[in-house]
Amino acid sequence: MNSDDAGGEFEDFEVIPAVDIQDGEVVQLVQGERGTEKTYGDPVEAARRWINAGAGTLHLVDLDGAFEGERRN
């Protein structure tokens, strides 16, 4: 479905991108499993790309903190 098909029903809908950070790099985990990550580089650059694409809000996730109980990123 494209935005023309939505008929305005999603006008107040905001997509909030998540930037998952592990060991100082942006990663994507497969089904949230540690050890399955694909890395995407610098978190600041990732955040800039999302902002430049129009994101008004970002969800930053410190995966090291989530897995180990102590924030590191």
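Q: Is aspartate 64 buried or exposed?
A: Aspartate 64 is buried, at 0% relative accessibility. Buried means under 20% relative accessible area, exposed over 50%, and partly exposed in between (1.4 Å probe, protein chains only). This is a predicted model, where local features need pLDDT of at least 70 and side-chain atom pairs count only at pLDDT 80 or more, while totals for chains, interfaces and linings use all residues. Residues are numbered from 1 along each chain as its sequence is written, and side-chain values use heavy atoms, with hydrogens and water left out.

Q: Which residue forms a salt bridge with aspartate 64?
A: Arginine 34 does, with the closest N and O atoms 2.9 Å apart. A salt bridge here is a side-chain nitrogen of Lys or Arg within 4 Å of a carboxyl oxygen of Asp or Glu. Helices (H or I, at least four residues) and strands (E, at least two) are DSSP runs, numbered from the N terminus.

Q: And arginine 34, how accessible is it?
A: Arginine 34 has a relative accessible area of 35%, so it is partly exposed.

Q: How many salt bridges in the whole structure?
A: The search finds six. One of them joins the side chains of arginine 72 and aspartate 23, at 3.0 Å from N to O. That pair links distant parts of the chain, 49 residues apart: arginine 72 is in the segment after helix H2 (63-68), and aspartate 23 is in the loop between E1 and strand E2 (25-30). Arginine 72 is partly exposed at 47% relative accessibility.

Q: What about arginine 48 and glutamate 45?
A: Their side chains also meet in a salt bridge, 2.8 Å from N to O. Both residues lie in helix H1 (residues 43-52), three residues apart, or about one turn of the helix.

Q: Switching to glutamine 22. Where is it?
A: Glutamine 22 is in strand E1 (residues 18-22). It counts as buried, at 5% relative accessibility.

Q: What does glutamine 22 touch?
A: Beyond its neighbours within four places in sequence, glutamine 22 has contacts (heavy atoms within 4.5 Å) that include Arg34, Leu63, Asp64 and Phe67. The side chain of glutamine 22 also makes a polar contact of 3.3 Å with the side chain of glutamate 37. A polar contact is a pair of N or O atoms within 3.5 Å; within protein, one must be able to donate a hydrogen and the other to accept it, and residues adjacent in sequence count only if both atoms are side-chain atoms.

Q: OK, zooming out. What is the order of elements?
A: From the N terminus on, they run β-β-β-α-β-α. The radius of gyration, taken over C-alpha atoms, is 15 Å, well over the 11 Å that the globule rule gives for 73 residues, so the protein is more spread out than a compact globule. That rule is 2.2 Å times the number of residues to the power 0.38.

Q: What box do the C-alpha atoms fill?
A: Roughly 45 × 25 × 20 Å, along the principal axes.

Q: And how much of the protein is buried?
A: Of the 73 residues, 22% count as buried.
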